[in-house]
Amino acid sequence: MGILNVTPDSFSDGGRFVGEEAACRQADALAAEGAALVDIGGESTRPGHVPVPVEEEQARVLPAIRALANRLSVPISIDTYKASTAESALAAGARIVNDVWGLQREPDIALVAADHGAPVMIMHNRETVDAGLDIVSDMLRFFEVSLGIARRAGIPDGDIVLDPGIGFGKSWNQHLEALRRLPEIRALGFPILVGVSRKSLLGRLHDRETAPADRLNGSLAAHALAATLGADIVRVHDVAAHVDAMRVVDAVLRPGDRR
């Protein structure tokens, strides 16, 4: 999954792809490098972000989605937790809903996805960090609620992907614990999405100060590890490097599935 942030304040590439022309160039580049889908978001969810009104979010994402819907050879996912933005994005040509609040911030988003026959990506999140939690037990409880919302809305299990939410609502140790115990989430029987690309938790493992764009090596290591532990999709900024890395993982773990 290639990341396309059409925001002025995302932690890694804020402001670089604002505007239809810049967004389309980047989406084309992500697809050319081998992204299987492009995830478009109009509101930063970095720590300390300022929420934006739904009208502003839609003004950022909808022109890009309309321009790309018939131009890209790969599906577009809309990165939003707002039901009305999901509705507008799917009408404009997006095909997947990627919700960082796991359908729980605005549960009507599940009805929107079901009405459009759109798969959903359900991410674990928390309002506050509680370092004393068994974070995987918390994730399992969270996903039970989210799966209930999805099923009541009529979303089939085959259209659901789970995301442990690395970088969201967790302590540093809990981020690592969530990755380490990914098989416990995979045991629920759903595909898994993991996104660690360029995140600050990787910077803490370096012996030097690093900007987000300098964290490719850590991103590759984290995602390769996630793939060995059960991740099916990785959400990344640097697509070409990850395609190369994941081909190695696939060649070792899935020798009969050469792509």
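**Exercise 1. Is Asp79 buried or exposed, and what is it in contact with?**

Step 1: Asp79 has a relative accessible area of 10%, so it is buried (under 20%; exposed is over 50%, partly exposed in between, with a 1.4 Å probe and protein chains only). By the way, this is a predicted model, where local features need pLDDT of at least 70, side-chain atom pairs need 80 or more, and totals for chains, interfaces and linings use all residues. Residues are numbered from 1 along each chain as its sequence is written, and side-chain values use heavy atoms, leaving out hydrogens and water.

Step 2: Leaving aside neighbours within four places in sequence, Asp79 is in contact (heavy atoms within 4.5 Å) with residues including Asp39, Glu57, Asn98 and Arg235.

**Exercise 2. Which rings does Arg105 lie over?**

Step 1: Check the rule: CZ of Arg (or NZ of Lys) must be within 6 Å of the ring centre and within 35 degrees of the ring normal.

Step 2: Arg105 lies over the face of Trp101, at 4.2 Å from the ring centre.

Step 3: Arg105 also lies over the face of Tyr81, at 5.5 Å from the ring centre.

**Exercise 3. Are Phe142 and Phe143 buried or exposed, and how are their rings arranged?**

Step 1: Both Phe142 and Phe143 are buried.

Step 2: Rings of Phe, Tyr and Trp (its six-membered ring) pair if their centres lie within 6.5 Å; planes under 30 degrees apart are stacked, over 60 edge-to-face, the rest tilted. That rule gives one aromatic pair: Phe142 and Phe143, edge-to-face, at 6.0 Å centre to centre with 80° between the planes.
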